[in-house]
Amino acid sequence: MSESERVVLVVEDNADDWFLLQRGIKRAGITQTFQHVPDGQQAIDYLQGVNPFSDRTVYPLPVLVLLDLKLPVKHGFEVLSWIRQRPQLNGLAVVIFSSSKAEADLVRAYNSGANAFLVKPTAAEKLPEVLHALDLFWLRNNEFAPFNLFTKRLTS
Amino acid sequence: MPPRPISIANFRQILTTTLAAPVILIGICAIILALITGHLLKVIRLDRHSVEVIAVGHEWEKLIIDMETGLRGYKMTGDSRFLEPYNLAEPQVDAQYARLIELTSDNPEQTAALQDADKLVLQWRDIARKSIQDGQYKGGPDALDDALSRKALMDSIRSQIATFIAHENQLLNQRSEKVDSTERTAYAISAVVLALVTLVIGLHVYRQMLRLSESYLASYRDLTTQKEWLRVTLSSIGDAVIVTDANGHVDFMNAEAERMTGWTSLEVKSKPLRSIFRIVNEETRRSVDDPVEKVFREKRIVGLANHTLLLSKNGAEWPIEDSAAPIYDTSKNMVGVVLVFHDATEMRRAERILKTHAEDLEQKVLARTLELQRMVNELEAFSYTVSHDLRAPLRAMQGYSNALLEDFSEKWGAEERDLLIRINRAAQRLDILIQDVLTYSKVSKERQAVVPVELDRLVPDILSQYPTFQDPKLKIEVQRPLAVVLGHESGLTQVISNVLTNAIKFVDANRVPEIKIWTDSTEFRVRLWIQDNGIGVDPENHIRIFKMFEQVNSKSYEGTGIGLAIAKKAIENMHGAIGIESKLGEGTRVWIELLKPGNA
């Protein structure tokens with residue numbers, strides 16, 4: 001899997017946050033594809049590839065989920081648990097992207113199998129910095145195992 | 001004083017004296033009578049003595065006369081046969097005389113009289129002996145003379161003896177009289193003594209008997225009073241009382257017992273208790289152990305089982321509480337049982353109410369606890385919402401104003417740019433405020449155990465880690481070593497950095513901040529002092545500054561006004577205290593007092 005094919009799924013219900021995030025991505029000079037869903041259920045639907053996300057050429061499987069916690073329909077933790085209950089998604093990195101670092105949330109996030117926990121910066125000028133770090137680590141340097149390997153092992 | 005009942009010992013004493021006094025008196029009486037009798041006998045003996053003296057006197061005289069008679073016959077006849085009486089009497093004369101002397105040895109007068117008579121007798125006997133030798137009278141004057149001389153002597157002798165006997169007779173008379181008088185005296189004394197003794201004994205016995213009978217009456221009266229008292233007491237008592245005999249048959253029941261059982265005393269007399277005191281369990285309605293049987297069996301006081309119901313004759317049912325106790329006589333034999341019980345309706349009702357109240361209370365406490373828990377949960381949910389949802393629009397405000405500044409910078413003049421920057425800053429302020437409120441509520445909930453914290457390590461760490469304290473213009477002096485305290489490192493870091501930040505912040509702009517840090521210790525506590533040369537705090541505001549949202553200085557200093565409230569909460573969580581010493585314009589000394597390790 002080449003670097004350029006890496007897709008990030010952003011689960012974010014707040015339109016302002018998504019707007020500013022997109023602007024931050026642009027300003028940070030990140031070239032990877034960022035897919036967006038506005039609630040937890042749609043995130044699950046996307047990962048499962050069910051309608052309207054069945055076309056993987058339009059909606060490819062991401063390597064990274066940027067997951068807000070406070071989400072409508074299904075909470076961020078429900079999405080995280082759902083992901084971690086599926087061994088074929090073991091290669092998927094989940095980074096929590098939350099407004100607060102409440103201790104209970106931190107503990108629960110790591111207990112449920114989150115790979116990292118980022119707090120949305122309030123100061124607008126800090127956002128590109130955070131996104132740049134994210135891009136550098138997860139999208140440029142981290143090595144992922146291909147999903148088909150997990151799937152194969154399961155089906156064989 | 002009314003006569004009192006006497007004791008057994010007293011009673012025995014009275015019996016003894018009642019018997020002993022007559023016995024002693026009768027003894028004395030017998031002695032007196034014996035003495036009187038003895039005296040009488042002595043007097044009688046004297047009387048008899050005189051009689052004997054007289055008799056022997058006559059016999060003596062008769063012997064002498066016999067001799068004269070014999071002599072005269074012989075003289076006249078010369079026949080010696082006539083001398084026979086003489087010869088018979090002669091040897092007896094001296095013997096009789098000797099006896100007379102002996103008999104009158106107690107009376108010298110009579111003895112002298114006898115001796116006088118004997119002298120004459122001896123004269124006569126001399127003459128008689130000569131006369132016998134002369135033989136028969138030859139007639140003539142000699143014979144007459146002889147006869148006459150003897151006759152004269154004989155007359156004298158007879159006269160003497162007669163005098164003697166008369167005298168003795170006189171004595172006899174006197175003595176007889178004495179006997180009579182003595183006898184009369186004896187009778188009189190005896191009569192008097194007997195009468196006296198009878199009187200004394202009679203009086204004594206009467207007195208003792210009277211005493212006894214009074215005691216008896218007193219005892220009887222007491223007994224009656226006691227019985228009446230007991231009856232009245234038992235009858236008036238609020239509790240029901242039933243007394244049984246040794247066979248468990250009813251002996252007595254008071255009015256309350258009559259009322260509750262529905263039976264009258266007359267109806268139940270000598271009936272088995274079971275037949276009138278019917279008790280069952282309140283819930284199961286099974287008959288309950290007969291308490292009286294239990295007392296007979298266990299020989300001790302027994303309480304009735306709980307929740308007992310008494311079924312009365314007329315069908316009424318009473319919840320009762322009772323106890324039964326054995327009655328012993330003085331020889332420790334069980335002679336009956338006393339059963340005491342009372343209506344427990346009110347008590348049971350009170351118990352039920354109490355129980356209901358307790359249950360109500362429990363439920364209320366549970367409800368309140370749940371309510372509180374719900375509120376705590378809501379508060380947490382609220383905090384969560386605040387930290388997520390309230391901050392999102394702030395991020396948006398900052399983000400958009402930032403976007404305007406950055407993406408369209410060529411379009412804005414200085415004024416528009418300033419306004420955008422103000423929007424941005426306001427959003428930032430609000431965000432800090434929200435975070436401080438959240439911190440305060442978090443600190444309020446914290447309940448951690450305190451551990452020893454080395455201030456000597458912690459304070460330099462804080463000074464080196466916070467960029468604010470790196471300003472080369474600052475003068476910070478730490479008087480090391482600092483003491484060890486009990487607390488939480490994270491909380492202390494927060495508090496100390498907060499206090500230090502204030503110390504730097506609230507300084508006149510034209511002054512160089514000078515900060516001094518030291519600790520001093522008492523036996524149980526440590527005080528950390530942080531002194532600055534800032535604007536100071538008016539003493540009237542020393543308490544206010546530790547409250548939420550209180551900022552006592554003018555708006556020229558930035559801050560949310562929550563920092564010290566958080567610090568206070570955090571220090572209190574460590575069982576410590578925080579305070580300040582300051583005056584306006586004279587700098588501030590903040591002290592943080594904490595426990596010393598080993599004193600938690």
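A salt bridge here is a side-chain nitrogen of Lys or Arg within 4 Å of a carboxyl oxygen of Asp or Glu. The model is predicted.

**Exercise 1.** Decide how D17(A) and R395(B) are linked, using the distance between their closest N and O atoms.

*Solution.* 
- Step 1. Take the closest N and O atoms of the pair: they lie 2.7 Å apart.
- Step 2. Apply the cut-off, within 4 Å.
- Step 3. D17(A) and R395(B) form a salt bridge.

**Exercise 2.** Describe the side of chain B that touches chain A, by helix and by residue class.

*Solution.* 
- Step 1. Count the polar contacts: eight residue pairs between chain B and chain A, both residues at pLDDT 80 or more.
- Step 2. Find the helices. Helix 9 (345–407) and helix 10 (414–445) of chain B each supply at least two residues.
- Step 3. Helix 9 of chain B gives the most, with 16 residues.
- Step 4. Sort by class: five residues are nonpolar, seven polar and seven charged.

**Exercise 3.** Locate the largest cavity and characterise its lining.

*Solution.* 
- Step 1. Get the volume: about 50 Å³.
- Step 2. List lining residues, among them H49(B), D106(B), E168(B) and R175(B).
- Step 3. Assign elements. Helix 1 (8–77) and helix 4 (141–236) of chain B each give two or more residues to this lining.
- Step 4. Helix 4 of chain B has the largest share, three residues.
- Step 5. Sort by class: three nonpolar, four polar and three charged residues.

How values were computed: Residues numbered from 1 in each chain as written. Chains lettered and ligands numbered in written order. Predicted model: local features only at pLDDT ≥ 70, side-chain atom pairs only at ≥ 80, totals over all residues. Heavy atoms only, no water. 1 Å grid on protein atoms, 1.4 Å probe; cavity = no way out; pocket = protein on both sides within 12 Å on 5 of 7 lines; lining within 4 Å. Points joined across faces, edges and corners; volume = space filled by probe spheres on them. Helix = DSSP H or I, 4+ residues; strand = E, 2+ residues; numbered from the N terminus. Nonpolar A, V, L, I, M, F, W, Y, C, P; charged D, E, K, R; others polar. Polar contact = N/O pair within 3.5 Å; in protein donor to acceptor, adjacent residues only side chain to side chain.
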